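Me: I'd like to learn how to read a model like this one, feature by feature. Could you walk me through it?

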Amino acid sequence: MEVRFQTKEESNKQQQEDFLELSKVERVYSFWRLMERMSHFPVKNKIERNKNNFCIVIKSR
């Protein structure tokens, strides 16, 4: 692991350059890996399904 001290702009530029050095296929795979990791990223506002929903039950005679 390497620790670098740089500005946000420098960091963003380096990340962009590293990404553009990848082949097109590697870029797609990199994007998919990122999306997969983001799906496991903790979030505060989780959507609670069935919250504030109600059911109308009509009983037959």
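**Reading the model step by step**

Reply: Happy to. The protein chain has two helices and zero strands. Keep in mind that this is a predicted model.

Me: How much of the protein chain counts as buried, and what is its accessible surface?

Reply: Of its 61 residues, 2% count as buried. The accessible surface of the protein chain is about 7,200 Å², and carbon and sulfur atoms account for 55% of that.

Me: Is Ser30 buried or exposed?

Reply: Ser30 counts as buried, because its relative accessibility is 19% and the cut-off for buried is under 20%. Ser30 belongs to helix α2. Setting aside neighbours within four places in sequence, Ser30 touches Phe19 and Leu22.

Me: Next, charges. How many salt bridges are found in the whole structure?

Reply: The general idea first: side chains of opposite charge can pair when their charged atoms come close. Here, the search finds two salt bridges. One joins the side chains of Glu2 and Arg4, at 3.6 Å from N to O. Glu2 is exposed, with a relative accessible area of 61%, while Arg4 is partly exposed at 46% relative accessibility.

Me: And which residue forms a salt bridge with Lys13?

Reply: That is Glu17, with the closest N and O atoms 3.8 Å apart. Lys13 and Glu17 are separated by about one helical turn because they sit four residues apart in helix α1 (residues 8-20). Glu17 counts as partly exposed, at 35% relative accessibility.

Me: Now aromatic rings. How many aromatic pairs are counted?

Reply: A pair of aromatic rings is described by the distance of the centres and the angle of the planes. In this structure the count is one aromatic pair. The ring centres of Tyr29 and Trp32 are 5.7 Å apart and their planes meet at 65°, so the pair is edge-to-face. Both residues lie in helix α2, three residues apart, which is about one turn of the helix. Tyr29 is partly exposed at 45% relative accessibility, whereas Trp32 is exposed at 52%.

Me: Which residues make the nonpolar surface patch?

Reply: Tyr29 and Trp32 turn up again here: the patch is made by Val25, Val28, Tyr29, Phe31, Trp32, Leu34, Met35, Met38, Phe41 and Val43, and covers about 1,000 Å². Take Val25 as one member: this residue is found in helix α2 (residues 24-39). Val25 counts as exposed because its relative accessibility is 52%, and exposed begins over 50%.

Definitions and conventions
Residues numbered from 1 in each chain as written. Predicted model: local features only at pLDDT ≥ 70, side-chain atom pairs only at ≥ 80, totals over all residues. Heavy atoms only, no water. Patch = residues over 30% accessible without salt bridge, like charges linked within 9 Å, V, L, I, M, F, W, Y side chains within 5 Å. Areas by Shrake-Rupley, 256 points an atom, 1.4 Å probe, with all protein chains shown as cover. Salt bridge = Lys/Arg side-chain N within 4 Å of Asp/Glu carboxyl O. Buried < 20%, exposed > 50% of the residue type's maximum accessible area, 1.4 Å probe, protein only. Phe/Tyr/Trp six-rings, centres within 6.5 Å; stacked < 30°, edge-to-face > 60°. Contact = heavy atoms within 4.5 Å.
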